[in-house]
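Biologist: Could you take me through a close look at one part of this model, and then tell me how the parts around it fit together? I'd like it as one connected story, please.

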Amino acid sequence: MAAIEAQKGKQIEKKPVNFSNILLGAGLNMAEVSTLGQPLEVIKTTMAANRSLSIVQAGKLVWSRGGVLGFYQGLIPWAWIEASTKGAVLLFVSAEAEYQFQKLGANHFLAGMGGGVSGGLAQAYLTMGFCTCMKTVEITRAKQEVVAGVPKQTSFQVFKDIYKKEGIRGINKGVNAVAIRQMTNWGSRFGFSRLAEEGIKNLTGKGENDKLNAVEKIASSVVGGGLSAWNQPIEVIRVEMQSKTNDPNRPKNLGVGSAFSYIYKNNGIKGLYRGVTPRIGLGVWQTVFMVAFGDIFKKLLNTDGSGH
């Protein structure tokens with residue numbers, strides 16, 4: 001409460017709405033997913049969908065699907081479409097929401113968390129359900145095709161089949177789990193990153209209004225991204241809901257609750273945390289791009305009114 005009261009007394013600089021954050025967010029997220037982001041996503045999703053696999057076994061399975069290119073499965077077009085749209089929405093909405101929370105008197109941790117939750121919620125329902133579903137289908141169907149010798153369908157054939165059988169609901173299957181994941185993901189990433197920034201200021205003797213340098217910003221985002229992996233069970237549930245599988249024991253029309261019960265019954269607590277190691281790496285990589293680099297480039301473009 002004291003921190004909130006202190007923040008209330010701080011003058012928050014008025015700023016206009018910065019639509020340039022839309023282009024900046026799209027560019028940063030495209031760079032993130034096209035480098036280490038997609039390989040980590042593929043490993044994480046493979047482990048979450050095939051919960052008996054170790055990280056080494058998952059890596060070998062991915063490699064068997066096309067060598068290095070196997071680690072970029074689902075990148076084109078789904079991950080690129082998702083990255084450009086969700087990055088634009090995330091950076092724009094989170095920056096505006098974080099500013100509004102600061103105006104209401106929230107400290108940096110609460111304002112960052114509020115901004116991240118708002119951005120994550122917006123990107124889930126506005127852009128991610130469709131692309132995340134298609135990307136997950138691309139990754140999880142490959143194992144079945146390798147085992148069964150089924151001819152590989154193109155991405156658009158998969159899309160047409162799902163749409164024909166299940167309509168828009170099928171394409172957006174698991175979107176509520178995506179929303180929960182993104183709210184907790186980006187709320188944690190922004191919030192913990194802002195908390196780490198305050199900790200670094202205290203350690204280095206910097207004042208409230210002093211700016212962090214690029215290395216300190218990146219270090220804060222590494223902490224925030226790593227800690228955000230606490231919600232891995234939500235990610236495993238999301239993958240299970242969107243996976244194509246022939247398991248006759250899996251309930252039809254999985255919801256978040258029934259998916260949790262199915263995973264827990266078959267794989268226990270460990271099953272709910274499958275893929276957490278690559279998820280930590282992915283969380284760090286994404287947070288460095290979207291929080292640290294986002295702050296750095298917003299400052300360079302004079303669009304940052306957050307005080308960070």
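Modeller: Happy to! To work out how far a helix is expected to span, multiply 1.5 Å by one less than its number of residues. Please keep in mind that this is a predicted model.

Let's begin with helix 4, which covers residues 75-103. With 29 residues at 1.5 Å a residue, helix 4 should span 42 Å, and its end C-alpha atoms lie 39 Å apart, which agrees. After helix 4 comes Gly-105, which has a positive phi, near 105°.

The partner to look at here is helix 2, residues 20-49. The axes of these two helices come within 7 Å and cross at roughly 135°, so helix 2 and helix 4 are oblique to each other. Their crossing is right-handed. On the helix 2 side, the contact residues include Leu-24, Gly-25, Leu-28 and Val-33; on the helix 4 side, they include Trp-80, Ala-83, Gly-87, Leu-91 and Phe-92. By class, this contact has 14 nonpolar, 7 polar and 1 charged residues.

Now let's follow the chain to helix 7, residues 175-204. In one of them, the ring centres of Phe-109 and Phe-192 are 6.3 Å apart and the planes are at 35°, so the pair is tilted. Phe-109 sits in helix 5 (residues 108-148) and Phe-192 in helix 7, so this pair ties together parts that are 83 residues apart in sequence.

Helix 7 also packs with helix 9, residues 232-242, at an angle of about 155° and with the axes 9 Å apart. These two helices are therefore roughly antiparallel to each other, and helix 7 passes helix 9 in a left-handed crossing. Among the residues that meet are Ala-177, Ile-180 and Arg-181 in helix 7, and Ile-234, Glu-235 and Arg-238 in helix 9. The class count for this contact is 5 nonpolar, 2 polar and 3 charged residues.

Helix 11, residues 276-300, is another neighbour of helix 7: their axes come within 11 Å and cross at roughly 65°. This crossing is right-handed. In helix 7, Arg-181, Trp-186, Arg-189 and Glu-197 are among the contact residues, while in helix 11 they include Arg-279, Gln-286, Met-290 and Asp-295. Here the classes come to 4 nonpolar, 5 polar and 6 charged residues.

Note on methods:
Residues numbered from 1 in each chain as written. Predicted model: local features only at pLDDT ≥ 70, side-chain atom pairs only at ≥ 80, totals over all residues. Heavy atoms only, no water. Axes fitted to C-alpha atoms, helices over the stretch in contact; angles between N-to-C directions. Helix = DSSP H or I, 4+ residues; strand = E, 2+ residues; numbered from the N terminus. Parallel < 35°, antiparallel > 145°, perpendicular 65-115°, else oblique. Left-handed = near helix turned anticlockwise from the far one by under 90°. Contact = heavy atoms within 4.5 Å. Nonpolar A, V, L, I, M, F, W, Y, C, P; charged D, E, K, R; others polar. Phe/Tyr/Trp six-rings, centres within 6.5 Å; stacked < 30°, edge-to-face > 60°.
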